[in-house]
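Trainee: I am new to this structure and would like to go through it with you. Could we start once it is on the screen?

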Amino acid sequence: MNDASVTIVQNTEHSPTFRELSFTWDASLGRPRAGQFLELRLPGTTAPLLRRPFAFSAYDEENQTASFVYEVRGTTTQLLSTMEPGMPLQILGPLGNMFHAKTKGVIAVGGGIGLGPILYAAHQLSPHHDLTLVTGYRSQESIPYSLYTPSCPPSICTDDGSAGVKGNVVEYLESLPQERFRDTTILACGPHPMLAALASFSNAVGCTCLVSMEEMMACGIGACMGCVIDRTDGTKARVCKEGPIFNSGEVVWT
């Protein structure tokens with residue numbers, strides 16, 4: 001974990017909904033892994049007062065840059081969308097644990113702002129696993145096609161059927177042959193209802209499901225206790241410290 005000043009390299013719009021911000025990343029900060037996140041503070045403003053978490057979407061060791069994908073939907077991301085290359089950012093990271101898989105197969109599932117870490121996980125794991133990438137959106141308009149790579153083509157779902165398969169990501173998985181889930185791990189990041197549905201689905205088909213929990217994480221180091229979730233064994237966990245990646249079977253979803 002490091003507290004450092006970095007410099008914006010690119011702030012690219014990939015769709016009306018999604019942007020990707022790339023910034024300098026010195027090797028001394030440590031290698032960010034898929035599933036890990038950083039805590040961000042914008043310079044020269046107290047709005048927002050507290051840091052905001054963003055999950056890594058890429059790391060380029062050769063060019064010493066890292067990235068995160070964000071959706072413009074609040075004060076912080078509105079301000080982020082106006083920032084230009086050369087501007088500084090204050091970050092704390094990399095934080096948290098990471099996605100992993102010991103199975104032959106991996107199904108990486110992203111919904112909404114969960115797209116970034118899932119794309120990174122797919123990039124890291126596809127050379128070593130039989131990987132399927134599944135992503136869900138409300139409509140074609142919001143799909144950031146330019147974020148995808150030929151080496152890991154996605155199966156796209158849209159709520160209105162304007163692109164890809166009509167329906168949500170869980171409905172798509174339910175349409176796949178049961179054999180696809182043998183010796184397979186599901187990795188997922190997205191809205192809470194999607195993760196809860198995937199937890200139920202993975203339990204039904206008998207495969208492991210690892211989820212990246214989205215909670216408000218003001219400090220990122222486990223001190224403020226603002227991101228606590230309940231576990232099925234009766235204990236509690238801090239998403240920023242014990243997570244953000246959890247086995248879906250250990251999370252209380254109600």
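Mentor: The conversation below covers a pocket, a helix and some salt bridges.

Mentor: This is a predicted model, in which local features need pLDDT of at least 70 and side-chain atom pairs count only at pLDDT 80 or more, while totals for chains, interfaces and linings use all residues. Residues are numbered from 1 along each chain as its sequence is written, and side-chain values use heavy atoms, with hydrogens and water left out.

Trainee: What volume does the largest pocket have?

Mentor: Its volume is about 590 Å³. On a 1 Å grid over the protein atoms alone, a pocket is an open set of points where a 1.4 Å probe fits, with protein on both sides within 12 Å along at least five of seven lines; lining residues have an atom within 4 Å of a point. Grid points are joined across faces, edges and corners, and the volume is the space filled by probe spheres set on the points.

Trainee: Which residues lie nearest the centre of the largest pocket?

Mentor: Pro53, Phe54, Arg73, Ile113 and Glu214 do, out of 26 lining residues. Two or more lining residues come from each of β4 (52-60), β5 (65-71) and α1 (75-81); helices (H or I, at least four residues) and strands (E, at least two) are DSSP runs, numbered from the N terminus.

Trainee: Which domains does the lining draw on?

Mentor: Domain 1 (3-95) and domain 2 (105-212) each give at least three residues, with bounds from an automatic or database domain assignment.

Trainee: New topic: why is helix α2 described as largely enclosed?

Mentor: Nine of the 11 residues of α2 (residues 115-125) are buried, so the rest of the structure largely encloses this helix. Buried means under 20% relative accessible area, exposed over 50%, and partly exposed in between (1.4 Å probe, protein chains only). Among the buried residues are Leu115, Tyr120 and Leu125.

Trainee: What do they pack against?

Mentor: The buried residues of α2 pack against β4, β5, β7 (105-111), β8 (130-137) and β11 (184-189), where contact means heavy atoms within 4.5 Å.

Trainee: And how many salt bridges are there?

Mentor: The count is seven, a salt bridge being a side-chain nitrogen of Lys or Arg within 4 Å of a carboxyl oxygen of Asp or Glu. One of them joins Asp3 and Arg51, with the closest N and O atoms 3.1 Å apart. Asp3 lies in strand β1 (residues 2-13) and Arg51 in the loop between β3 (37-41) and β4, so the pair ties together parts 48 residues apart in sequence.

Trainee: Is Arg51 buried or exposed?

Mentor: Arg51 is buried, at 9% relative accessible area, whereas Asp3 is partly exposed at 48%.
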